[in-house]
Amino acid sequence: MKYISEYRDRTLCENLSEKIKRSHRKPINLMEVCGTHTMSIARNGIRQILPETINLISGPGCPVCVTSQYEIDQFIELANQKDVIVTTFGDLMRVPGSRSSLQKERANGADVRVVYSTLDCLAIAQKNPAKEVVFLGVGFETTAPTIAAAILAAENKNLKNFSVISAHKIVPPALVALMENAQVNVDGFICPGHVSVIIGAQAYAPIAEKYHVPCVVTGFEPADILQGLFMLVEQFENDEAKVEIAYRRTVTWEGNRRAMQILDQVFESVNAEWRGLGVIAGSGLKIRDEFSEFDALRKFALDVPYAADPPGCACGEILAGTKNPFQCQLFGKSCTPETPVGPCMVSSEGTCAAYFRYRARDIEL
Amino acid sequence: MCLAVPMKVIEIDGNRAKVEMGGTMRVVGLDIIDPLPKVGDYVIVHAGFVINIIDEAEAQTILHDFAVLFGDDDEVHF
Ligand code: SF4
Ligand code: SF4
């Protein structure tokens, strides 16, 4: 059965790529915003089955990759505070800050624990009343409501030793910043699947309209991505700029309202610095004053100097889509998944990691 | 990072649910989903919380996507 379904997939993909070739005339630059799409495109060799004039660019689609060097340094500084247990999702552990990483600090004795969910952090806080448990909040709209829910639960339980450092980012303002950047040349967005489950496809409508850029939300299977590409090419050829959903029944127009409401209750939007893209208006989430007792940045006066990105690392240009990993002088030399220099090589969804892992397929091009 | 996995609801207790997929059991939060899922429903779980309710066919398709995406050699992190 397995082979039959794979065969069907292959036929479906071939049909879709034929359809794309038939409707495609003008050269087009399409950006995939999500790291899981980047992985799937690289793994399935999607670039190879497309005409050369369809250029797929990877965007700022991984929350770990866009976390600024300064924020990473803050996390490391927190891990070094007395009587603090730092909790985090695993992806952050190996990201190098200016001088160290969370993994190195843990080896040196800092109490850094990888958790699966913020519910685990609450349990750790209850078990360790003499310590402060800080969660490193990194993620987009998919993740931020889960952190907000933990803050509300902590308030409910009257838990005084739990706090969050909020480095969350929201996606639509980043798309606006890309469209406003003269160096970036994007004719259509492959919109993220899971972020869109939360924010709903309608969140892209103002961008599609203002910048006359087609936006299609797709899933992660090759057939999903090809279907999304076909819809983008069709719109572009017809000079349309609509928001469409190619991700079957998982994404709706209005999204998950309850999640958005909780997110709004706990966070307010602020300007935030994205690695490589600079400060983007209204793209970060700060814990509201009502919940300041859960804000680690207010509980700890951290003294962290501002830090620039690592020398030679082109993550910034890669996240903006103005360079690909092969154009970074460190790629595959001093920077590999074992010895990463920048976060794009660390994260399992980082663009450099995807290109490194599947580069043979891309080089064949 | 934002990987979300489909799982089946086995039990509901207040705003927590026990969910299962392929022998992996988890307790997850129902804090950010409305309307609530029912026992037997398929849901999408991200970072320990249900973010969406889907039908069984969709759950199977997504599981297939993960198999394609990560291959059998890779561990899928729940
Ligand atoms: S290859 Fe390494 S150094 Fe170069 S951009 Fe990617 S992560 Fe940064
Ligand atoms: S949250 Fe989901 S959609 Fe967004 S970047 Fe991560 S994997 Fe992609």
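## Chain B at a glance

Of the 78 residues of chain B, 50% count as buried. Buried here means under 20% relative accessible area, exposed means over 50%, and partly exposed lies in between (1.4 Å probe, protein chains only). This is a predicted model: local features need pLDDT of at least 70, side-chain atom pairs count only at pLDDT 80 or more, and totals for chains, interfaces and linings use all residues. Residues are numbered from 1 along each chain as its sequence is written, chains are lettered from A in the order in which they are written, and side-chain values use heavy atoms, with hydrogens and water left out.

Chain B has 5 strands and 1 helix. From the N terminus on, their order is β-β-β-β-β-α. Helices (H or I, at least four residues) and strands (E, at least two) are DSSP runs, numbered from the N terminus. Contact means heavy atoms within 4.5 Å. Among contacts in chain B with a separation of 6 or more, 38% join residues 24 or more positions apart. The chain exposes about 3400 Å², and carbon and sulfur atoms supply 51% of that area. Such areas come from the Shrake-Rupley method with a 1.4 Å probe; for residues, only the protein chains shown count as cover.

## A cis bond in chain B

The peptide bond from B:Asp34 to B:Pro35 is cis, with omega near 0 degrees. B:Pro35 sits in the loop between strand 3 (24-29) and strand 4 (42-46) of chain B.

## Nonpolar cores

A nonpolar core is a set of buried Ala, Val, Leu, Ile, Met, Phe, Trp, Tyr and Cys residues joined through side-chain atoms within 4.5 Å. The largest has 129 residues. A:Phe162 and A:Phe189 have the most contacts inside it. Helix 7 (residues 144-156) of chain A gives the largest share of this core, 9 residues. A second, separate core has 22 residues, including A:Ile54 and A:Phe236.

What does A:Phe162 touch, leaving aside its neighbours within four places in sequence? Its contacts include A:Cys121, A:Leu122, A:Phe135, A:Ala150, A:Phe294 and A:Lys299.

## A cavity and its lining

The whole structure holds 4 cavities of 30 Å³ or more. On a 1 Å grid over the protein atoms alone, a cavity is a set of points where a 1.4 Å probe fits but cannot get out; lining residues have an atom within 4 Å of a point. Grid points are joined across faces, edges and corners, and a volume is the space filled by probe spheres set on the points.

The second largest cavity has about 70 Å³ of space. Its lining includes A:Cys313, A:Cys315, A:Cys328, A:Cys335 and A:Cys352. By class, the lining has 10 nonpolar residues, 1 polar and no charged. Ala, Val, Leu, Ile, Met, Phe, Trp, Tyr, Cys and Pro count as nonpolar, Asp, Glu, Lys and Arg as charged, and the others, Gly among them, as polar.

Most residues other than glycine have a negative phi. A:Asp83 has a positive phi, near 55 degrees. A:Asp83 lies in the loop between helix 4 (69-79) and strand 3 (84-88). It counts as partly exposed because its relative accessibility is 39%. A:Asp239 also has a positive phi, about 60 degrees. Its place is the loop between helix 11 and strand 9 (243-245). At 54% relative accessibility, A:Asp239 counts as exposed.

A:Gln235 is in helix 11 (residues 222-237). Its relative accessibility is 1%, so A:Gln235 counts as buried.

Key. 1 Å grid on protein atoms, 1.4 Å probe; cavity = no way out; pocket = protein on both sides within 12 Å on 5 of 7 lines; lining within 4 Å.
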